[in-house]
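Dear colleague,

I am passing on the structure below, together with some notes on what turned up in it. Please read them with the coordinates open beside you.

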Amino acid sequence: MPDEQMAGAGSAPAPAGNAPGVPPVPPRPLDPIDRSIMRLLQADGRASIRSVAEQVHVSRANAYARINRLIDDGVIRGFTARVNHERAGQGASAYITLKIVQNSWRTVREQLRELPGAAHIALVSGDFDVLLLVHTPDNRTLRELVLTRLQSIPEVLSTRTLLVFEETDLLDPGPAAGPALTED
């Protein structure tokens with residue numbers, strides 16, 4: 001990885017020990033410098049090694065080694081762009097809750113992955129089983145996605161759609177925000 005630029009695309013490989021039937025590798029404890037590096041990279045995944053090293057007060061070699069270890073350990077899963085969905089023509093967003101047939105999670109998850117605009121899928125506890133975040137061009141497209149695509153999945157028993165009126169990206173420091181790290 002060059003000194004001046006982080007690898008900007010792709011995903012890190014899954015850490016060893018996460019194959020079916022193999023016990024997961026216990027997480028390695030993270031120190032304050034590791035956590036600071038993660039905060040910096042969440043705010044700007046394209047930050048240079050030099051910039052990260054300066055902001056966390058370590059050498060470039062140390063920052064490089066720490067970032068690679070975080071990637072190798074599966075703590076950092078990859079680097080991506082945060083998209084303004086409205087500016088990208090995806091002006092309608094919704095969280096959709098689904099009740100599904102018991103023991104059908106894996107089947108349903110694979111079908112949800114194929115939905116256009118699906119951004120996040122989570123198996124959850126409570127009054128419903130699955131929480132799905134979608135982004136669509138408009139409410140008409142959202143309506144079709146729910147009524148035609150989701151409700152035609154045999155394992156989906158019911159849905160509830162929660163329209164997103166406004167959202168705040170907590171990882172985006174915004175134009176007026178100061179540095180991601182403090183001097184403490």
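Leu-157 belongs to strand E4, which covers residues 156-164, in what is a predicted model. The relative accessibility of Leu-157 is 59%, so this residue counts as exposed, the cut-off for that class being over 50%. Once the neighbours within four places in sequence are left aside, the residues in contact with Leu-157 are Lys-99, Ile-100 and Val-101. For Lys-99, the separation from Leu-157 is 58 residues in sequence, while the two C-alpha atoms are 5.3 Å apart in space.

His-57, in the loop that runs between helix H2 (49-56) and helix H3 (60-72), has a positive phi, near 65°, and with a relative accessibility of 58% it counts as exposed. Asn-103 is likewise not a glycine and has a positive phi of about 65°; its place is in the loop between strand E1 (92-100) and helix H4 (105-113), and it counts as exposed because its relative accessibility is 77%.

Is Ser-48 buried or exposed? Its relative accessibility is 13%, and therefore Ser-48 counts as buried, given that this class lies under 20%. The side chain of Ser-48 also reaches the backbone nitrogen of Ser-51, at a distance of 3.0 Å.

Notes
Residues are numbered from 1 along each chain as its sequence is written. This is a predicted model: local features need pLDDT of at least 70, side-chain atom pairs count only at pLDDT 80 or more; totals for chains, interfaces and linings use all residues. Side-chain values use heavy atoms; hydrogens and water are left out. Helices (H or I, at least four residues) and strands (E, at least two) are DSSP runs, numbered from the N terminus. Buried means under 20% relative accessible area, exposed over 50%, partly exposed in between (1.4 Å probe, protein chains only). A polar contact is a pair of N or O atoms within 3.5 Å; within protein, one must be able to donate a hydrogen and the other to accept it, and residues adjacent in sequence count only if both atoms are side-chain atoms. Contact means heavy atoms within 4.5 Å.
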